[in-house]
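Open the model and keep the sequence beside it. We will go through charges over rings, a sheet, ring pairs and pockets.

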Amino acid sequence: MYIRVNPRDNVAIIVHPDGAAAGVQLPGGFTALEHIPQSHKVALRDFGTGDAILRYGQIIGHANRAIPAGSWIREDLIDMPLPPPLDRLPLSTAVPAPLPPLSGYTFEGYRNPDGSVGTRNILGIATTVQCVAPTVEYAARRIKAELLPRFLNVDDVVAVTHSYGCGVAINAPGAAVPISTLRHISLHANMGARPLVVSLGCEKMQPALLFSNDFPVLETGNVVRLQDHRGFSAIVAEIMEAAEKRLAILDRRRRETCPASDLIVGLQCGGSDAFSGVTCNPAVGAAADLLVRAGATVMFSEVTEVRDAIHLLTPRAETPDVARALIREMRWYDDYLAGGHADRSANTTPGNKRGGLSNIVEKALGSVAKAGTSAIRSVASHGEKVTGKGLVFAATPASDFICGTQQLASMNMHVFTTGEGTPYGLSLVPVIKVSSRTALAEKWHDLIDIDAGRIATGEVTVEEVGMDLFRLMLDTASGRKTWAEHWGLGNALAPFNPGPVT
């Protein structure tokens with residue numbers, strides 16, 4: 001059995017877990033000429049040198065030699081095409097009509113004074129500089145062990161540590177990205193939009209700089225400066241005393257019924273394989289459409305893995321200005337690669353290739369399936385907080401934790417798809433993991449929340465898995481734990497450079 005995504009496709013991916021053995025008869029009346037592993041491509045016709053190889057109805061490369069039908073289409077047989085030219089893209093030429101609205105869907109969340117809504121109730125300890133990280137992490141461990149058990153309505157204690165804040169050109173070009181990202185994360189909805197702040201005292205990124213003189217955050221009792229105290233014990237005691245007062249406030253919070261429109265969901269994929277664009281990513285896209293219909297905000301990201309599919313997205317932009325903003329982010333990436341004398345082909349990992357993805361073009365075409373079918377309403381650049389509703393492109397790198405860190409500036413829920421598997425998690429938001437293959441869901445039965453691999457075998461449809469995921473998101477937003485939360489997996493922040501990175 002194989003899957004052909006689009007009628008134009010002249011290759012298909014093998015579904016059977018053991019692959020297709022040499023000599024086996026395949027649908028369409030031809031024979032596998034060699035063993036072809038699961039998720040890898042089989043030639044559905046004879047190719048001559050230079051012939052276009054199509055998957056998802058799009059050119060993913062050109063044959064660099066003659067390839068007979070029934071052959072395994074491997075990476076070394078394909079020459080990668082040039083990326084879509086940014087100066088000739090269609091702008092808002094195929095804007096999807098609004099989908100019928102969905103009403104009546106709710107979750108139980110925490111409404112904050114600033115209007116944001118949390119899906120978790122977390123004591124957050126924000127930091128202004130890398131120098132305080134070990135001390136804050138030590139204090140956080142003690143707070144969790146000694147104080148948190150007394151406050152049953154508080155879910156967790158998270159130290160928002162990072163590798164920034166001093167010894168850097170704080171006003172240099174690109175510095176706004178980490179500062180803005182850290183500010184938004186420190187004011188995260190799941191931390192009640194009001195963290196405890198720990199500063200060293202002499203750093204360049206002073207609390208007033210990080211929070212732009214946001215006085216409710218900086219008022220007395222909310223900021224602990226380590227250099228104001230005598231000795232490590234006194235420092236830790238001060239942090240714990242301030243934490244106890246904040247825990248008492250958080251403990252009085254209660255969940256209340258909120259409309260699904262208060263969800264801000266970040267979408268991401270990692271450890272992708274050739275099934276990702278057939279099963280888990282389209283299912284997430286179906287769930288994204290439901291969220292948009294319910295009035296929620298949905299963010300898809302990963303500039304690195306959108307660039308080669310950008311020609312499919314600019315026509316869907318709600319306005320030409322939104323399309324131009326998409327192009328702006330892609331052009332930044334092109335310039336970044338050129339400046340570093342790097343090639344976009346470096347994106348695909350050994351695991352991606354083991355899972356059947358030949359190049360970044362094929363990977364990108366499968367990645368953008370997460371965006372569903374709605375019009376793209378707006379674009380947020382690196383470090384910006386998303387404020388609009390509907391489908392949004394939030395520019396981030398593709399590296400899992402870097403992308404997740406930047407999405408944390410806005411999201412209160414995360415959905416992560418994977419084909420090869422990764423024990424990914426984030427400390428500040430629940431992460432729902434969706435597998436592309438049933439074999440992975442069975443292998444990692446206590447890490448994967450939804451098995452989308454059943455789509456490949458015809459047991460369920462993309463729409464059915466999308467609805468399951470939509471309902472799971474509402475349940476999770478209401479307090480149901482994901483596997484990542486069950487095991488306590490997750491970083492508060494990933495280390496990142498002053499500017500965006502690939």
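A charge sits over a ring if NZ of Lys or CZ of Arg is within 6 Å of the ring centre and within 35 degrees of the ring normal. The charged end of Arg 74 meets this rule with Trp 72, 5.7 Å from the ring centre. The model is predicted: local features need pLDDT of at least 70, side-chain atom pairs count only at pLDDT 80 or more, and totals for chains, interfaces and linings use all residues. Residues are numbered from 1 along each chain as its sequence is written, and side-chain values use heavy atoms, with hydrogens and water left out.

Val 42 stands opposite Trp 72 in β8. Strand β5 (residues 41-43) and β8 run antiparallel and are joined by two bridges. Two strands pair if DSSP finds at least two bridges between them. Strands (E, at least two residues) and helices (H or I, at least four) are DSSP runs, numbered from the N terminus. The open sheet has four strands in the order β1-β2-β5-β8, with antiparallel pairing.

Next come the ring pairs. A pair of aromatic rings is described by the distance of the centres and the angle of the planes. Rings of Phe, Tyr and Trp (its six-membered ring) pair if their centres lie within 6.5 Å; planes under 30 degrees apart count as stacked, over 60 as edge-to-face and the rest as tilted. By this rule there are eight aromatic pairs. One of them, Tyr 105 with Phe 470, is edge-to-face, at 5.0 Å centre to centre and 70° between the planes. This pair links distant parts of the chain, 365 residues apart. Tyr 105 is in the loop between β9 (78-79) and β10 (106-111), and Phe 470 is in helix α13 (residues 462-477).

Tyr 105 has 23%, so Tyr 105 is partly exposed. Phe 470 has 0%, so Phe 470 is buried. Phe 416 and Tyr 424 are stacked because their planes are at 15°, with the centres 4.2 Å apart. Phe 416 is buried at 0%, and Tyr 424 is buried at 1%. Ring pairs join Phe 401 to Phe 416 and Tyr 424 in a cluster.

Last, the pockets. On a 1 Å grid over the protein atoms alone, a pocket is an open set of points where a 1.4 Å probe fits, with protein on both sides within 12 Å along at least five of seven lines; lining residues have an atom within 4 Å of a point. The largest pocket is lined by 28 residues, and those nearest its centre include Lys 144, Asp 156 and Ser 427. α1 (133-147), β13 (156-160) and α14 (483-486) each supply at least two lining residues.

The second largest pocket is lined by 19 residues, with Tyr 56 and Gly 277 among the closest to its centre. Helix α13, which holds Phe 470, gives two or more residues to this lining, as do α6 (280-293) and α7 (310-313). α6 gives the most, with four residues.

Key: Buried < 20%, exposed > 50% of the residue type's maximum accessible area, 1.4 Å probe, protein only.
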